[in-house]
Structures are given as C-alpha cells and as structure tokens.
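Welcome! Please take a look at the sequence and the 3D structure below, and then let us walk through them together.

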Amino acid sequence: MDLANKVAVVIGASSGIGEGIVRALDETRLRGIVLAARRMERLEEIARTLVSDTLIVQTDIQDYASVDTLMRKT
C-alpha cells in the first residue's frame with residue numbers, strides 16, 4: 001500500500017499497540033501522523049522521537065466533543 005502524501009490518525013497512540021503503529025508508520029513516507037490519546041505529556045514525548053510531521057490532539061474517545069475536536073483539527 002502506497003502511503004505517500006497520506007495522513008494517518010492513530011487513536012491510543014500514547015502506549016501499547018497504538019504507539020507501535022505510530023512507530024511503524026513513521027518508517028513510511030506519510031505526509032503526517034496525528035497522535036491522539038488522553039495522555040498529552042506522553043504524546044509529546046513520542047512525537048519528539050519521530051521523523052514524520054506530527055499533530056498531537058488530546059482525545060478521549062468516550063467524549064463526543066473530544067472526538068469532534070480531533071476530526072476538526074485533523
């Protein structure tokens with residue numbers, strides 16, 4: 001799959017499988033990665049280690065307004 005010039009949104013990006021997905025995507029030619037999770041400090045730590053352009057959006061997927069904000073910012 002060609003991911004050039006695409007933007008990926010990863011929910012749960014602050015740890016576990018989500019963080020693993022972010023790191024794998026960082027090795028592709030993505031236009032950017034949106035990191036979404038509740039732990040803002042952890043997202044910032046991860047973003048500092050990435051090569052790809054990143055957008056960090058603190059998101060609680062149980063809160064409609066939070067998910068709406070994620071979609072608008074993306």
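E19 counts as buried because its relative accessibility is 14%; buried means under 20% relative accessible area, exposed over 50%, and partly exposed in between (1.4 Å probe, protein chains only). This is a predicted model, in which local features need pLDDT of at least 70 and side-chain atom pairs count only at pLDDT 80 or more, while totals for chains, interfaces and linings use all residues. Residues are numbered from 1 along each chain as its sequence is written, and side-chain values use heavy atoms, with hydrogens and water left out.

**Salt bridges around E19**

- The structure holds 4 salt bridges, a salt bridge being a side-chain nitrogen of Lys or Arg within 4 Å of a carboxyl oxygen of Asp or Glu.
- One of them joins the side chains of E19 and R23, at 3.0 Å from N to O.
- Both E19 and R23 belong to helix α1, where they sit 4 residues apart, about one turn of the helix.
- R23 counts as partly exposed, because its relative accessibility is 33%.
- E19 also forms a salt bridge with R42, and here the closest N and O atoms are 2.9 Å apart.
- That pair links distant parts of the chain, with R42 in helix α2 and E19 in helix α1, 23 residues apart.
- R42 has 25% relative accessibility, so it counts as partly exposed.

- R72 is exposed because its relative accessible area is 58%, whereas D68 is partly exposed because its relative accessible area is 32%.
- Elsewhere, salt bridges that share partners join E19, R23, R42 and E45 into one network.

**The overall layout**

- The chain has 3 helices and 3 strands; helices (H or I, at least four residues) and strands (E, at least two) are DSSP runs, numbered from the N terminus.
- Along the sequence, these elements follow the pattern β-α-β-α-β-α.
- Taken along the principal axes, the C-alpha atoms fill a box of roughly 30 × 20 × 20 Å.
- Of the 74 residues, 35% count as buried.
- Among contacts with a separation of 6 or more, 42% come from residues 24 or more positions apart, where contact means heavy atoms within 4.5 Å.

**The sheet**

- The 3 strands form an open sheet in the order β1-β2-β3, with parallel pairing; two strands pair if DSSP finds at least two bridges between them.
- At the edges are β1 (7–11) and β3 (54–58), each of which pairs on one side only.
- On average, neighbouring strands of this sheet are turned by 15 degrees against each other, direction ignored; axes are lines fitted to C-alpha atoms, for helices over the stretch in contact, and angles run from 0 to 180 degrees between N-to-C directions.
- Strand β2 (residues 32–37) pairs with β3 in the parallel sense over 5 bridges.
- Within this sheet, A37 stands opposite Q58 in β3.

**Helices against the sheet**

- Helix α2 (residues 40–48) lies across β2 and β3 and runs at about 170 degrees to β3.
- Helix α3 (residues 64–73) packs on the sheet, where it touches β1, β2 and β3, and its direction makes about 165 degrees with that of β3.
- The buried residues of α2 are L43, I46 and A47.
- Seen down the axis of α2, these buried residues fall within an arc of 100 degrees, so they line one face of the helix; the arc is that of the directions from the helix axis to the C-beta atoms.
- E41 and R48 are exposed on the other side of α2.
- The buried residues of α2 pack against α1 (16–26), β2 and β3.

**A closer look at S66**

- S66 has its place in helix α3.
- Is S66 buried or exposed? S66 counts as buried, because its relative accessibility is 11%.
- Leaving aside neighbours within four places in sequence, S66 is in contact with Q58, T59 and D60.
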